[in-house]
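Please take a moment to look at the sequence and the model together, and keep both in view while reading. The paragraphs that follow walk through a few places, step by step.

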Amino acid sequence: MPKIETSCFTVIYIPFYFLQCAHQKRLLQRVENAYASSRQLSLDVTVEDHYSDSFSSSVFAKTCTDIPAALLDDDGIHVIELNLAAEEAGIQPGASTSQAIARAPELVLYTRALTHERQLQDVLLQLAYSYSPFIENSAPGVCTIDITKTRNQQNGLRKLLAQLRAVGLKAQAGIGPNPEIALQAAKIADPVLEISHDCNLLQSLPLESLDPSPFLLDILKSWGVRTLGALTRLPRDEIGQRLGLEGLSLWDRAGGRSTKVLQFVQPSETFEESIDFEQRLETLEPLLFILRRFLERLSLRIESVYLLIAELHLVLILENGEKIVRSLQIPAPTRDVEVLYGTAVQYLETLHTTAPVTSFHLEIKPSKPDGHQFDLFQGKLRDPNRFFQTLARLAALVGTEGVGIPQQINTHRPDSLRIQTPEFDWSWHSVKNTSRPKIGPGLRRYRPGIIASVELDKDKPVSVQSDLISGKILEARGPWNLSGNWWDRARWEIREWDVVLEDGGIYRLAQGLSQWEVVGVYD
Amino acid sequence: MPGSPKIIQLRKFLAERFPQQKATHLLAPTGWSPLDSLLGGGLPKGSITQLIIPHISAGGAIVLHEIIEAMHQHSQCVALIDGKNSFESSTDYPLLLWIRCQNVAQALKATDLLLRDSNLPLSILDFKQNSDTELRKIPGTTWYRFQRIIEENRSTLLTITRHPLVSSAQISISLTHQLRFDDLASFRPEIIKLFSLEIVRRRFELEYRYA
């Protein structure tokens, strides 16, 4: 007889979602303010130490549970979300700011952080997707997952909640035979709760947990019905006759009999974080702190989808409206926050802005882990990312044309070469063994050539005068005539001589169109 | 972790039986046989080797090219910190990282960055074309700083100068040769045969560490 699978769902529920998002934004801004005040007072305050650990845990826990906190609407007039402490203080949703403060003078007020809400919802979906591909974006801060075919449910859920905690979101998870029961379980979970149809816990929940319309709630309360169990004890048909379809739906939901079909979604494949600063940033430190925080969060998200970070896309918006956009390639894609941070810091440290920064946006481009076949006998770079950071520093020191791999250009013109920047797989380049005979010593070239005055006797140089070398020429060979580009304006023509001076040095002289130069010494 | 008594006995036996064998893991072969055979296998890892070439036209560029080519033959990357931007590349060197410095200060900064990076097994610092006036201004502590860095990351630095300069070099080699005008048309192996490479100074590890 075939085994019948029973459906099983879980809901990841983030209590006070809007409040948590607003709180996250407030914490980032608090760092920014702390840096600003520490600068003004010239105190050596290590802000990172104060905020790094407490960022998502203790400060949040204290603010969102012990201290009354309320979220205001877009106009900043009415309260739209409250934490438990604020509710206990007697504040009702919809109360005005002054009414709320009158009830709880220590009330912490937040405004909505729309960008954070959107980004954190993306985080929730991306992390949930790593747990199961069957996910529904049910509501802000709520994600329903079909886990019928998922094994080891509770351990996986606890790991997921820990990941959410790491990005600063305190979440709960409920498991049930249908999405409605799972949602109700999630709302009262600590942090994971599994309940079934006939669980007394579900029966004892208040009617408000199903968010009925105020009109329907008033009627039911006037009948003395206050819990889900009390509602389901009433006959379903009678409820339908008196309260209509809405009443029937509420009865089904209260009895755990809702037949909701999940609308599966694919999480967004964009990985970005952004912040608008309340106080304009004039120094690098607060920006670096926020950069690290963003990278930690993005790295966690990218890890959940088993990808690596191949590019950092930074956008800084300045107070004067100027927008600085920079993409930083990561030579060896990685999730290592230190490497990514080092790459970004290297750029930001050299950046000079014309005005203070008002907004910062960071987006990452993911990449699949690359496979490399390592050759036993080839020298490899130990740390490619570090090497390319060093290359950037060298380029800053000597210029981009001053560091790289020399490559010959297909011309007879002396000293014609280009400098190529090493690629990521530079060190794996295979070298062909050329058997071309090597003749004569090498030349050490003076760049630019040293202007000289050369005395000729029967068209042969006999003495040379220059800033570098002077004296009688003991022996000379030449001229070696070279010319090219005669078909265009870049025409060039050089006559070269090899000469030996009294000091024993063998030099190369070149006679151009207008002057003589000492171009190098044989060594 | 100390080895077992049998391993220790075996090492002792082998050391007594083959005294000429050196600890090759402490050496970084350049692949250029005249230099490697002189040094017993290669440049010492984790230390600075100084090549002194007093004459103007002595074959220093040949040595440079030979080492770079030999490293290429062994598919090893090499960095050349060119103190006066004078290197003339006669062919493509795909594994050569060439840093074209304009003066000594730039070259020292570039060397510092490369040594700290520790990705490349061999770095060559070429000061042959820099003036003595410039080179005399280098503080002696610079070389000891480089030595400390190299000791930690076990990379290798070869310096090329006209006069003894690197106080912390473990080995100083001298190339005393004077190119002849006819050498311009000679095959390079024939020129190299006439080179006289000689170790002029070798310091023991403790000596250069606490000098």
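In chain B of this predicted model, ring pairs link Phe87(B), Tyr93(B) and Trp98(B) into a cluster. A pair of aromatic rings is described by the distance of the centres and the angle of the planes. Over all chains the structure holds eight aromatic pairs, and one of them is formed by Trp486(A) and Trp487(A), whose rings are edge-to-face, with 5.2 Å centre to centre and 85 degrees between the planes. Are these two tryptophans buried or exposed? Trp486(A) has a relative accessibility of 63% and counts as exposed, and Trp487(A), at 57%, counts as exposed too, because the word is used for values over 50%.

Most residues other than glycine have a negative phi, and most peptide bonds are trans. Asn485(A), however, has a positive phi, near 50 degrees, although the residue is not a glycine, and with a relative accessible area of 22% Asn485(A) is partly exposed. Ser118(B) belongs to the loop between α4 (104–117) and β6 of chain B, and its relative accessible area of 11% makes Ser118(B) buried.

The bond from Asp190(A) to Pro191(A) is cis, with omega near -10 degrees, and Pro191(A) is placed in the loop between α8 (179–188) and β8 (192–194) of chain A. Another cis bond runs from Arg447(A) to Pro448(A), with omega near -5 degrees, and here the proline, Pro448(A), is part of strand β15 of chain A.

Side chains of opposite charge can pair when their charged atoms come close. Lys438(A) is partly exposed at a relative accessible area of 31%, whereas Glu69(B), at 13%, counts as buried.

A further salt bridge is made by the side chains of Asp126(B) and Arg444(A), at 2.5 Å from N to O. Because Asp126(B) sits in strand β6 (residues 122–126) of chain B and Arg444(A) in strand β15 of chain A, this pair too joins two chains, and both Asp126(B) and Arg444(A) are buried. Glu88(B) and Arg447(A) likewise meet in a salt bridge, at 3.6 Å from N to O. Glu88(B) comes from the loop between β4 (78–82) and β5 (96–100) of chain B and Arg447(A) from strand β15 of chain A, so here again the pair joins two chains. Glu88(B) counts as buried at 16% relative accessibility, and Arg447(A) counts as buried at 16% as well. These two residues are also part of a network of salt bridges that links Asp415(A), Arg445(A), Arg447(A) and Glu88(B).

In α10 (residues 214–222), Leu216(A), Leu217(A) and Leu220(A) are buried. Why do they share one side of α10(A)? They cover an arc of only 100 degrees around the axis, which puts them on the same side of the helix. An α-helix has 3.6 residues a turn, so residues three or four places apart point the same way. The cover over the buried residues of α10(A) includes α11 (228–232) and α12 (236–254) of chain A, whereas the face turned away from the buried side carries the exposed residues Pro214(A), Phe215(A), Asp218(A) and Ser222(A). After α10(A) comes Gly224(A), with a positive phi near 90 degrees.

Finally, on the surface of chain B, Leu10(B), Phe13(B), Leu14(B) and Phe18(B) form a nonpolar patch with about 370 Å² of accessible area together. Of these residues, Phe18(B) is found in the loop between α1 (5–17) and β1 (27–28) of chain B, and with a relative accessible area of 37% Phe18(B) is partly exposed.

Technical notes
Residues are numbered from 1 along each chain as its sequence is written. Chains are lettered from A and ligands numbered from 1 in the order in which they are written. This is a predicted model: local features need pLDDT of at least 70, side-chain atom pairs count only at pLDDT 80 or more; totals for chains, interfaces and linings use all residues. Side-chain values use heavy atoms; hydrogens and water are left out. Buried means under 20% relative accessible area, exposed over 50%, partly exposed in between (1.4 Å probe, protein chains only). Helices (H or I, at least four residues) and strands (E, at least two) are DSSP runs, numbered from the N terminus. The arc is that of the directions from the helix axis to the C-beta atoms. Contact means heavy atoms within 4.5 Å. Patches are made of residues with over 30% relative accessible area and no salt bridge: like charges are joined within 9 Å, nonpolar side chains (Val, Leu, Ile, Met, Phe, Trp, Tyr) within 5 Å. Accessible areas come from the Shrake-Rupley method with a 1.4 Å probe; for residues, only the protein chains shown count as cover. A salt bridge is a side-chain nitrogen of Lys or Arg within 4 Å of a carboxyl oxygen of Asp or Glu. Rings of Phe, Tyr and Trp (its six-membered ring) pair if their centres lie within 6.5 Å; planes under 30 degrees apart count as stacked, over 60 as edge-to-face and the rest as tilted.
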